[in-house]
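Please have a look at the sequence and the fold first.

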Amino acid sequence: MQGCFLLGLQPSSPPLFASHTSHLILKQSVIHSRHFHDPDPLTYHPTPHLTFAMSLRTDRVRITVSFKRKEGVSKEDFENFWLNEHPKLFNSLEVAKSNILKYEQAHANEVVNQAIAQSGLAVSSFDAQVTIEAATFEALMAVFTSEEYRRVVGTESTKYFEKGGQMFASNFMTIVDN
């Protein structure tokens, strides 16, 4: 049953056949891994020795940066800058246009964070995050270390963000993307 638990499936899970090609390929690998004839190849039968290899994406990398609102800046001013001004500034950079594949913002949700904290779980103290993807880490660093970025985005950002934001560079894989 190791294979089904790695996939998060239980023995009573529905068949792996679905409209997605990846599921069909997975089902085919389950079928071909058996040493007996299966009269119903669309029914899931756990195979104890079956394991599935996952791999990190090789076509892109990402950096996630977490920020805190600068002391003395109102929540409204911070949110306005982060939601409306920062994307315009960032997207105006030629170095970003030529290197960045994806730019996503995250905004802290105070109500949900309070509920999480009340349940006894740890909550991040950051107010905002950005996840930026590029083909390589060199491409990402070309943006963050460019004079254009520092002059245009960095100068404005220091008015709203505390210094010492945290960067997390990563290779990644997507497990679920509905």
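At what angle do helix 3 and helix 7 pack, and how far apart are their axes? In this predicted model, the angle is about 170 degrees and the axes are 10 Å apart. Because an angle over 145 degrees counts as roughly antiparallel, helix 3 is roughly antiparallel to helix 7. On the helix 3 side, F81, H86, L89 and F90 make the contact, and they meet Y149, V152, V153, E156 and S157 in helix 7. Sorted by class, this contact has 6 nonpolar, 2 polar and 1 charged residues.

F90 also leads us to the largest nonpolar core, which has 25 residues; F90, I100 and I132 touch the most other members. Strand 1 (61–67), strand 2 (100–107) and strand 3 (128–134) each give two or more residues to this core, as do helix 3 (75–91), helix 4 (94–99), helix 6 (137–144) and helix 7 (147–157). Take I132 as a guide: leaving aside its neighbours within four places in sequence, I132 is in contact with V61, R62, I63, F90, I100, K102, Y103, L140 and F144.

Now follow the chain to F172, in the segment after strand 4 (166–170). F172 has a relative accessible area of 7%, so it is buried. F172 and L56 are 116 residues apart in sequence, yet their C-alpha atoms are 5.1 Å apart in space. Beyond neighbours within four places in sequence, the contacts of F172 are L56, R57, R60, V61, R62 and E133.

A word on confidence to finish: the chain has a mean pLDDT of 80, with 71% of its residues at 70 or more. Over residues 1–36, the pLDDT is below 50.

Technical notes:
Residues are numbered from 1 along each chain as its sequence is written. This is a predicted model: local features need pLDDT of at least 70, side-chain atom pairs count only at pLDDT 80 or more; totals for chains, interfaces and linings use all residues. Side-chain values use heavy atoms; hydrogens and water are left out. pLDDT is the predictor's confidence in each residue, from 0 to 100. Contact means heavy atoms within 4.5 Å. A nonpolar core is a set of buried Ala, Val, Leu, Ile, Met, Phe, Trp, Tyr and Cys residues joined through side-chain atoms within 4.5 Å. Buried means under 20% relative accessible area, exposed over 50%, partly exposed in between (1.4 Å probe, protein chains only). Helices (H or I, at least four residues) and strands (E, at least two) are DSSP runs, numbered from the N terminus. Axes are lines fitted to C-alpha atoms, for helices over the stretch in contact, and angles run from 0 to 180 degrees between N-to-C directions. Angles under 35 degrees count as roughly parallel, over 145 as roughly antiparallel, 65 to 115 as roughly perpendicular and the rest as oblique. Ala, Val, Leu, Ile, Met, Phe, Trp, Tyr, Cys and Pro count as nonpolar, Asp, Glu, Lys and Arg as charged, and the others, Gly among them, as polar.
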